[in-house]
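Me: I would like to learn how to read the features of a model step by step, with the general idea first and the particular case after it. Could we go through this one together?

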Amino acid sequence: MPDENETSLKRALGLGYTTFFGIGLILGAGIYVLIGRAAAFAGDAVWLSVVFATLIAIMTGFSYAELASMYPFASSTHRYVKEAFSKHEIIAFIAGWLIVFEGISGAATAGIGFSRYFVALLNWDPSLIPWITVILIILLSLLNWYGIEESALLTLIFTFVEAGGLIFVVLLGFFMGVRNPNYASISTGFDPFLGMMLGAAVFYFAFTGFELQPTLSEETKNPRKTMPKAIILALLACSILYLLVSLAVVRLLPWDTLAESHAPLADAAGVAWGGSYYILMAIALFSTTNTVLGFLVSSSRLMYGLADEKILHSSLAKVDSIRKTPYVSVIFSGVISILIVFITLYFPMITGWKLIIGGMEYKLIDLVGKTASLAALLAFIIVNISVIVLRYTKPDIKREFKIPLNIGRFPILPLIAAILTSLFVFTSFLDWIIWLTTIIVIAIGFILYKAK
């Protein structure tokens with residue numbers, strides 16, 4: 001079992017970098033495309049969907065903060081669950097593997113999003129989308145290998161750019177908005193509660209990322225204190241921005257127009273000021289790039305952590321002697337992400353396969369994104385339960401951060417988070433293909449686990 005002070009990686013990151021790394025992961029591509037899709041279910045009251053998703057994310061973020069202060073290791077989710085369920089290691093592996101898959105598929109999803117924006121902005125042939133995506137993943141994988149400080153610096157720059165774009169939309173919405181939306185009404189034809197929940201299910205991918213921050217624990221200075229602060233600060237900053245954007249965007253465009261838009265924030269900003277359309281399109285390119293890089297960095301560190309703890313093949317724990325980065329895991333993350341790109345883009349072409357649910361045709365790229373969210377949420381249920389278990393089984397372990405609102409040893413927020421997340425999953429993720437995909441992913445992980 002590796003000691004927290006024994007790491008082959010370079011400890012170079014402080015609170016600023018780790019916080020903005022998290023903000024960059026969370027903001028990412030999701031908000032720039034998913035706010036319109038969420039409005040299709042929640043209408044002008046899309047802010048309610050955002051608030052519900054925020055509650056689950058923040059309460060689970062508290063759980064990650066406490067666990068990260070106890071076990072500052074790159075294997076993060078797997079290590080936390082393993083400590084809680086030491087006699088059932090397979091539970092820990094499933095939780096860790098689900099987060100790995102979420103990161104890799106998130107990189108693929110964001111990469112395709114980048115390419116779609118890119119060809120639309122330059123009016124290029126859409127058939128170039130897969131190849132632009134592959135080139136982007138290769139370039140960012142090379143940066144991931146080159147060094148964590150360089151990756152973190154680029155993430156920091158891109159995060160400021162994408163946050164600036166969201167603030168710009170908020171200002172346009174509140175000061176130049178042309179509509180007076182009915183914030184209290186879900187007028188989409190759905191039952192109000194169901195509409196809010198479905199909107200949150202679509203939007204939740206925009207919140208994923210904070211659970212990947214602890215994968216940098218072995219490259220962070222004083223991680224027991226730094227990482228919990230970084231997780232909470234990143235979630236609070238993103239939650240405030242998301243709420244403001246959801247309130248502002250429906251002041252610029254009707255919810256049904258947003259729902260049909262492929263670039264909802266750019267289209268909304270363009271209503272207030274025509275020139276802002278291209279500004280938001282350019283910012284979206286920065287945002288999607290940042291998301292791809294962040295997911296590649298974190299998924300490769302998590303695989304490194306799992307291999308370092310003898311859960312995956314030992315080759316994934318190899319560290320470049322010069323760059324001090326886990327180069328085998330970096331390569332593996334990039335290759336699998338590229339494979340997902342080709343599967344999601346070419347499988348429908350080869351088979352002619354289509355999925356119609358509720359009169360709407362799903363594309364596999366949408367299913368990959370929603371499957372990534374489901375994978376994260378299932379892992380979150382296990383993580384929240386782990387916090388409760390560890391309060392009783394290991395009460396003397398040092399906790400630099402402790403979740404507020406407790407009854408004796410019992411933490412209330414993780415229980416609420418586990419219940420709400422379970423309710424969320426089993427009422428809003430009803431598409432059979434998403435569950436089938438998730439089961440297949442768990443089965444693949446189980447095969448790799450047995451073959452270690």
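Predicted model: local features only at pLDDT ≥ 70, side-chain atom pairs only at ≥ 80, totals over all residues.

Me: Is Phe73 buried or exposed?

Reply: The classes rest on relative accessible area, with buried meaning under 20%, exposed over 50% and partly exposed in between (1.4 Å probe, protein chains only). Phe73 counts as buried because its relative accessibility is 6%. As for its distance from another residue, Phe73 and Val341 are 268 residues apart in sequence and 30 Å apart in space, C-alpha to C-alpha.

Me: How should I read the overall dimensions and the make-up of the protein chain?

Reply: The radius of gyration is taken over C-alpha atoms, and the globule rule is 2.2 Å times the number of residues to the power 0.38. For 452 residues a compact globule would have a radius of gyration near 22 Å, and the protein chain, at 21 Å, agrees with that. Taken along the principal axes, the C-alpha atoms of the protein chain fill a box of roughly 60 × 50 × 40 Å. The secondary structure comes to 16 helices and four strands, and buried residues make up 59% of the 452 residues. Contact means heavy atoms within 4.5 Å, and of the contacts in the protein chain with a separation of 6 or more, 81% are accounted for by residues 24 or more positions apart.

Me: At what angle do the axes of helix 3 and helix 9 cross?

Reply: Two packed helices are described by the angle between their axes and the distance between the axes. Axes are lines fitted to C-alpha atoms, for helices over the stretch in contact, and angles run from 0 to 180 degrees between N-to-C directions. Here the axes of helix 3 and helix 9 cross at roughly 175 degrees and come within 8 Å. Helix 3 and helix 9 are therefore roughly antiparallel to each other, a term for angles over 145 degrees, whereas those under 35 count as roughly parallel, 65 to 115 as roughly perpendicular and the rest as oblique.

Me: Which classes of residue make up the contact of helix 3 with helix 9?

Reply: Ala, Val, Leu, Ile, Met, Phe, Trp, Tyr, Cys and Pro count as nonpolar, Asp, Glu, Lys and Arg as charged, and the others, Gly among them, as polar. By these classes, the contact of helix 3 with helix 9 has 20 nonpolar, five polar and one charged residues.

Me: How do I check the span of a helix?

Reply: The expected span of a helix is 1.5 Å times one less than its number of residues. Helix 9 is largely enclosed by the rest of the structure, because 19 of its 27 residues are buried. For helix 12 (residues 276-308), 33 residues should span 48 Å, and its end C-alpha atoms are 47 Å apart, which agrees. Helix 12 is also mostly covered, with 27 of its 33 residues buried.

Me: Which residues does Leu265 contact, leaving aside its neighbours within four places in sequence?

Reply: Leu265, found in helix 11 (residues 264-272), is buried, with a relative accessible area of 0%. With those neighbours left aside, Leu265 is in contact with Ile31, Tyr32, Ile35, Leu166, Val169, Val245, Val249 and Leu280.

Conventions. Residues numbered from 1 in each chain as written. Heavy atoms only, no water. Helix = DSSP H or I, 4+ residues; strand = E, 2+ residues; numbered from the N terminus.
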